[in-house]
Amino acid sequence: MMGDYESRGAFRSSSFYLRSKRAKILFDMELKYFQSRVVYQIYPRSFCDSNGDGIGDIPGIISKLDYLHQLGVGIIWLSPVYATENHDFGYDVTDYKAINPEYGTMEDMDNLIAEAMKRGIRIVMDLVVNHTSDKHQWFLESKKPESKYHNYYYWRKGRKNNTRPPNNWTSNFGGPAWKFDKDVGEWYLHLFAEGQPDLDWHNPEVMEEVEDILRFWLNRGVYGFRCDVINEIWKETLDDGKHQPFGFLVGKEHYLSKNGNHEILRRLYDDVFSKYDCMTVGECGYVNYESANRFTDHELDMVFSFDHMYLDRRFAPVFKKKYDPAKMKQVLVGWQKNLDWNTLFFENHDQIRSLGRYTSLKYKDLGAKMLATVLMTLRGTPFIYQGEEFGMVDYPMFTPDQYVDIVDKYVYKTAKKLIRIEKVARRLVHNMNRDNARIPVQWNSSVSAGFSSSKSTWLPVHPNYKECNAAKADADPKSILNYYRAIIKMRNADPILIAGSFKEIAAPKQILAFERAFNGESEKVFINLSEKEVELGFNLASYGQKILLSNYEDASLTEKATLRPYEAIILK
Ligand code: GLC
Ligand code: CA
C-alpha cells in the first residue's frame, strides 16, 4: 500500500518538478495524482506480443513502457488481464486473483507494476463486477440450489410454467437478458452476454468478495480501478421494463444509477478506496449531471459519461446519424459546467476510432491534433486509447468470417435475420464494430506492424500500417505523436491547465472557446471543431498576446479573426 506521503513523494520525484517553481504550487495544492496526470488505456490483447503467438501480453506491455514514459503519461488503465473464458476477452472473469495465462503470470504482473513505477507510471486495473464468467467457480457452484453461491446470482423461476423468462428485460448485447439452465431448472440474469451472469449485489457476501479482491490488488501496488458498467450493478426490482425503441435495453429504468447503486459505492469507498492512495473511474452509461455528481462524491473519483459518444447515434450504437460539431461543443461545455472534475476521452476499446468520426479524414493530422488539444486543455483527467496518439483509424471493413467480438457476431446474425440484406447487415456491424479498435497497435513497418513476430495475429493488422505507425510518427517532428508529446508535456507542467477553473468564452457554435484560470493567471483556448473556416466575430489578439501552442504551425495573432479547419490555439 502506498501512503499519502509516498505518493506525493513520487509526484515530486521527477526532476522537472523539483526544478520548477510551479511544482511548489502544485505540491501545495494537494492535488490528487490522477488530477495532474494523463491516462493511457491499453487493451492488452492488441498492444504488443512478446512471444510470437499473435496475442498481446504483459511482457509486451513492459517492453513499451519507455515509449509511454516518453509520451508523458502517468497512469495506465489496463483492460482486464484476469483469467477469463474469452467470451468477451477478459470482461468475463473466471478468477479475479489470477492472470490470464495468454498474457503472462502473476510475476509478470508484479514486474509490470514495478517497472511502470520506476518510470513514474501507475497501473489501474479494470474491475468487472457487474457479472462474472459463467465458468467462474462461484457460478459453477451456484447451480446447486443448496449452495450459498446460488444467491450470488439472479436465479429465478420463469413465467408461464417456467417456459418464459422471469421478465421482459433485454441484454445490452441484444436478445433476452435471461437464460434458462436445464440442469438447474431456473433462469439466470445476464445484462450482457450469456457467458456473463450478473452478480446479485443484494447479497452482502458479494460485497465482501469484491472488497477482498480490491484489497488484493491495491496491496500489490495497483493504483486503482476503472469500474466496468458500474452504474448497472444494483437491480432495484425485477419488474418488467417499459417499451424501448427496437427493444434496446428494456428494463434499464430498474437498474441504471439507482440509489442502492450509490449506497454500494459509498460503502466500497468507506471500507476500501478511502484507505488507499488510489483512483477510481466508473463507466456510467446514460448518466446525468445529478447522478454523476453523486457518483463522484465519496463514491468514485470520476465517471465516464457517454453523451458525446451518442452524438452520431440514434436509439442504439448500430444506427448512425450525421455528426454535428456544434452539438459536441454543447455536450463538452455542459459537462464542464456541471461537474467539477471530468474524464476527457474520445476513444476506448468499445468505440470506433475518433478520426473520421469527429473529424474529416481529409484533414487527418489537423483533426487529430485538434482533438488532442480538446483532451489536454479542458478541466479533468485526459484518457488516450492506444494508437490514438499517432492517428490509428478504423479498419476498412471486416468480412463476417473475421468478426471475433461477441457483439459484432450478434448484431450481424440479428440484422441478417430481420433485414436479410447482406450489405445492410455488414454496414450495421461496421457502424459500431468493436473489433475495429482492437486490431493490433501499429508499432513499425515490419511484419504484423511490429505488434508480433508472427504473421498471424488474433485480429488482422490494418493495411495502412506502413504509413501509419509509431516509429514513423516518432521520426517526424510534425507528426500527431509529436504533437501529443508536446501538449502532454505542456499540460504536465502547467498548473493552469491542470487545476484552473473553466469558463466558457462566447463564440460561434462550432468554436469551443474557454478560459482556464488559476492563481490570478489564465490561458484561453480556441478550437474550431468543424472542417469549415469560421469567422469569430472578434480578434483573437483581444484575448492574449502569445500563442503557447497550435496545431497550425503558421498560426499568428495578427488580425486573426477566423479559425481555419480544425484550428486550435492556446493563448496566454
Ligand atoms: C463494458 C466494457 C465492454 C464489455 C462490457 C461488459 O462496457 O467496456 O467492453 O463488453 O462492459 O463487461
Ligand atoms: Ca503473446
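**Group meeting: a walk through the predicted model**

Arg 420 sits in the loop that runs between H15 and H16. Arg 420 is not a glycine, yet its phi is positive, about 65 degrees. Is Arg 420 buried or exposed? Its relative accessible area is 70%, so Arg 420 counts as exposed.

A second residue with a positive phi is Tyr 566, where the angle is near 55 degrees; Tyr 566 is not a glycine either. Its place is the loop between strand E21 (562–563) and strand E22 (568–571). Tyr 566 has a relative accessibility of 3% and therefore counts as buried, whereas Arg 420, as I said, is exposed.

Back to the two helices, and on to the largest pocket. Helix H15 (406–419) and helix H16 (422–432) each supply at least two residues of the lining of the largest pocket, and so does strand E13 (316–320). Which element gives the most to that lining? H15 does, with seven residues. The space in the largest pocket comes to about 1,200 Å³. It is lined by 46 residues, and the closest to the centre are Asn 172, Phe 248, Ala 316, Pro 317 and Val 407. By type, the lining of the largest pocket has 24 nonpolar residues, 13 polar and nine charged.

Next, the cavities. How many cavities of 30 Å³ or more does the structure hold? There are four. The largest cavity has a volume of about 150 Å³. Its lining is made of 15 residues, and closest to its centre are His 308, Leu 332, Asn 342, Thr 343 and Leu 344. Helix H13 (325–338), strand E14 (342–344) and H14 are the elements that give two or more residues to this lining. H13 gives the most, with four residues. The lining of the largest cavity contains 10 nonpolar residues, five polar and no charged.

H14 also comes up in the core. As background, nonpolar side chains in soluble globular proteins tend to be buried together. Here the largest nonpolar core has 182 residues, and the members that touch the most others are Leu 68, Met 109, Trp 201 and Trp 217. Helix H14 (residues 364–377) gives the most to this core, with eight residues.

Take Trp 201 as an example. Leaving out residues up to four places away in sequence, Trp 201 touches Val 129, Tyr 154, Val 206, Met 207, Val 210, Ile 233, Trp 234 and Ile 264.

Now the calcium ion, ligand 2. Which residues are its protein donors? They are Asp 49 (OD), Asn 51 (OD1), Asp 53 (OD), Ile 55 (O) and Asp 57 (OD), at 2.3 to 2.4 Å from the ion. Along the sequence the donor residues follow the spacing D-x1-N-x1-D-x1-I-x1-D. Asp 53 has a relative accessible area of 37%, so it is partly exposed. Ile 55, at 11% relative accessibility, counts as buried.

Where does Ser 133 lie? It is in the loop between strand E5 (122–127) and helix H8 (137–142). Its relative accessible area is 0%, so Ser 133 is buried. Not counting residues up to four places away in sequence, Ser 133 touches Glu 85, His 87, Asp 92, Val 93, Thr 94, Phe 139, Gly 195 and Pro 197.

That is the end of the tour.

How values were computed: Residues are numbered from 1 along each chain as its sequence is written. Chains are lettered from A and ligands numbered from 1 in the order in which they are written. This is a predicted model: local features need pLDDT of at least 70, side-chain atom pairs count only at pLDDT 80 or more; totals for chains, interfaces and linings use all residues. Side-chain values use heavy atoms; hydrogens and water are left out. On a 1 Å grid over the protein atoms alone, a cavity is a set of points where a 1.4 Å probe fits but cannot get out, and a pocket is an open set with protein on both sides within 12 Å along at least five of seven lines; lining residues have an atom within 4 Å of a point. Grid points are joined across faces, edges and corners, and a volume is the space filled by probe spheres set on the points. Ala, Val, Leu, Ile, Met, Phe, Trp, Tyr, Cys and Pro count as nonpolar, Asp, Glu, Lys and Arg as charged, and the others, Gly among them, as polar. Donors are N, O and S atoms within 2.8 Å of the metal (3.2 Å for Na, K and Ca); water is not among the atoms, so sites may look incomplete. Buried means under 20% relative accessible area, exposed over 50%, partly exposed in between (1.4 Å probe, protein chains only). A nonpolar core is a set of buried Ala, Val, Leu, Ile, Met, Phe, Trp, Tyr and Cys residues joined through side-chain atoms within 4.5 Å. Contact means heavy atoms within 4.5 Å.
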